[in-house]
Amino acid sequence: MNTDATFEEFLNSTPDPDFTEEGWLAKCTGRRGEAFFESWVEHIASDNGWNFYHTWRSDRSQKGYPDLHLIKDTRQIFAELKTVKGKATTEQKEWLYDLDKVPTNEVYLWRPNDWRQIKEILSNA
């Protein structure tokens, strides 16, 4: 993980470069925080050539399936996204655990404060 990344570098990769770090975290903890965070992850993924899938209406899908399924070349990532204080459900934890058993899968539970790790992972494909 690249811990030398600055917040300015981070801002250069956000859909809205006018955010401050405090504003970013506040936006990611609000009522629509997870959706905002997800759009940022999708933006980074798309900019780095990843194909991704997100279930639009999770109420009509298997409970707990991760928010994002990303594929690029020989890499496959399953990512559950949560707000800063969001908690994974039992079903989400079970899916992540089962998916992580497959040696070629990369499985993550990402929060807005993980932005450096997310950028590093999605940039190095």
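Tutor: Let's start with Asp98, which counts as partly exposed at 42% relative accessibility (buried means under 20% relative accessible area, exposed over 50%, partly exposed in between, with a 1.4 Å probe and protein chains only). Before going on, keep in mind that this is a predicted model, where local features need pLDDT of at least 70 and side-chain atom pairs count only at pLDDT 80 or more, while totals for chains, interfaces and linings use all residues. Residues are numbered from 1 along each chain as its sequence is written, and side-chain values use heavy atoms, with hydrogens and water left out.

Asp98 pairs up with Lys101 in a salt bridge, at 3.4 Å from N to O (that is, a side-chain nitrogen of Lys or Arg within 4 Å of a carboxyl oxygen of Asp or Glu). Lys101 is exposed, at 53% relative accessibility. The structure holds 3 salt bridges, so let's look at the others too.

Glu106 and Arg75 meet through their side chains at 2.7 Å, N to O. Glu106 belongs to strand E4 (residues 105-110) and Arg75 to strand E3 (residues 75-81), so this pair ties together parts that are 31 residues apart in sequence; strands here are DSSP runs of at least two residues, numbered from the N terminus. Glu106 is buried, with a relative accessible area of 18%, and Arg75 counts as buried at 18% relative accessibility.

That leaves Glu80 and Lys82, whose closest N and O atoms are 3.7 Å apart in their salt bridge. Both of these residues, Glu80 and Lys82, are buried.

Methods. Helix = DSSP H or I, 4+ residues; strand = E, 2+ residues; numbered from the N terminus.
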